[in-house]
2 protein chains.
Amino acid sequence: MQIAILLYDRFTALDAVGPYEILGRTPGAETVFVAERAGLVRNDNQGSLGLAADRTLGEVTRPDIVVVPGGPGQTEQMDNPAVLDWLRAVDATTTWTTSVCTGSLLLGAAGLLDGRRATSHWLALDHLATFGARPTGERVVFDGKYVTAAGVSSGIDMGLALLGRIAGDERAQAVQLLTEYDPQPPYDAGSPDKAPAHLVEQFRAASRFGSADRT
Amino acid sequence: MQIAILLYDRFTALDAVGPYEILGRTPGAETVFVAERAGLVRNDNQGSLGLAADRTLGEVTRPDIVVVPGGPGQTEQMDNPAVLDWLRAVDATTTWTTSVCTGSLLLGAAGLLDGRRATSHWLALDHLATFGARPTGERVVFDGKYVTAAGVSSGIDMGLALLGRIAGDERAQAVQLLTEYDPQPPYDAGSPDKAPAHLVEQFRAASRFGSADRT
């Protein structure tokens, strides 16, 4: 089984590494980081993190699972035919096509979420409808073979849920235990329903997805 | 403020990237990945993930915060004077010296945890006592400027707790909201107290830290 994780300039590191750390422990899986060009791909925080794309898009033609992370750089990929064509091509034979955060907008732009329930980073959620998807506020959404997760850290939850489907509950529990995923956040501000309202409004106002439709 | 994240061969990716994603959003912070040699450092899963160490140890002499991830490769670093000497040297001027997972064993081997409360991956926890530390089962442990976190994913919780101390609760809540850290694991098996007992025993029996002292 091959798991391909897409990288592109200014991706969000945890979007990619969260599901990687979980799904990469699928028995028998080979995990590859893939990008338009092989080599270091820099992230969204002044490029302070560089992750190696060991394969080009052209070298990964039949992954069983594809994982598309999000990040500010997603905007530039929305009309990059190399990436969108690759997503459409590999989706034809994947067992699971997945995304974290605004990665779902890339799946949407590739035409893969039309009519499907899906999620995204809370700031981008409404934008999914542009691509015919039906946005939901759930943290991890399964619709057929399409699995989308909410913002950044949610890829860990998605990874465990998907690993359970692929390898069984016991394997997923074993990976949860080995990664000691027993979350104890010191605050309870991880969603727009729970965070202080002024922070939510502040980020909506500054969002690249606009706030006009959130009245 | 400079945050230095140590890398070494066969580190665990999420140990490093979890706290990076949170602490890297500290206002005014410069985050650098550092290793004995600059260049790609490969992780513990057949090296399928390569993270760039942009600086050598010699180039990072006065970080304000140091983060030491864990992973199977930690064993080889336990008697690597280049790494241990660097930890001792930078610790002399850090504001915070931190670890995730078995990274605390490296802090211990450097002599930095003597007499201190500390934690580690649950499989390595007892081993901390070898270095004069007092192991605790807590997920994130503050003892003075030393902050240690439990296994792999716990670095996210540590990052938020530390960010709160550094930049205030509101900034930490903002980062929790932006990373949508509202964890909803599909299983409740993330600690040895909660996971199926046979999995706990299986991993203890196979652990490189041994199980003889756990009776």
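Select Leu87(A) in this predicted model. Leaving aside residues up to four places away in sequence, Leu87(A) touches Val66(A), Val68(A), Leu106(A), Leu107(A), Ala110(A) and Leu112(A). Show their side chains as well.

In soluble globular proteins, nonpolar side chains tend to be buried together.

Now go to helix α6 of chain A, residues 169-178. Is this helix enclosed or open? Of its 10 residues, 7 are buried, so α6(A) is largely enclosed by the rest of the structure. The buried ones are Ala172(A), Gln173(A), Ala174(A), Val175(A), Gln176(A), Leu177(A) and Leu178(A). To see what they pack against, select α1 (13-23) and α5 (154-167) in chain A, then α7 (197-206) in chain B. After α6(A) comes Glu180(A), with a positive phi near 45 degrees.

Move to chain B and select helix α1 (residues 13-23) and helix α5 (residues 154-167). Two packed helices are described by the angle between their axes and the distance between the axes. Here the angle is about 25 degrees and the axes lie 7 Å apart. Angles under 35 degrees count as roughly parallel, and α1(B) and α5(B) are therefore roughly parallel to each other. Their crossing is right-handed.

Finally, show the side of each helix that takes part. From α1(B), pick Gly18(B), Pro19(B), Ile22(B) and Leu23(B). They meet residues of α5(B), including Gly155(B), Ile156(B), Met158(B) and Leu163(B). The residues of this contact comprise 8 nonpolar, 3 polar and no charged.

Notes. Residues are numbered from 1 along each chain as its sequence is written. Chains are lettered from A and ligands numbered from 1 in the order in which they are written. This is a predicted model: local features need pLDDT of at least 70, side-chain atom pairs count only at pLDDT 80 or more; totals for chains, interfaces and linings use all residues. Side-chain values use heavy atoms; hydrogens and water are left out. Axes are lines fitted to C-alpha atoms, for helices over the stretch in contact, and angles run from 0 to 180 degrees between N-to-C directions. Helices (H or I, at least four residues) and strands (E, at least two) are DSSP runs, numbered from the N terminus. Angles under 35 degrees count as roughly parallel, over 145 as roughly antiparallel, 65 to 115 as roughly perpendicular and the rest as oblique. A crossing is left-handed if the near helix is turned anticlockwise from the far one by less than a right angle, and right-handed if clockwise. Contact means heavy atoms within 4.5 Å. Ala, Val, Leu, Ile, Met, Phe, Trp, Tyr, Cys and Pro count as nonpolar, Asp, Glu, Lys and Arg as charged, and the others, Gly among them, as polar. Buried means under 20% relative accessible area, exposed over 50%, partly exposed in between (1.4 Å probe, protein chains only).
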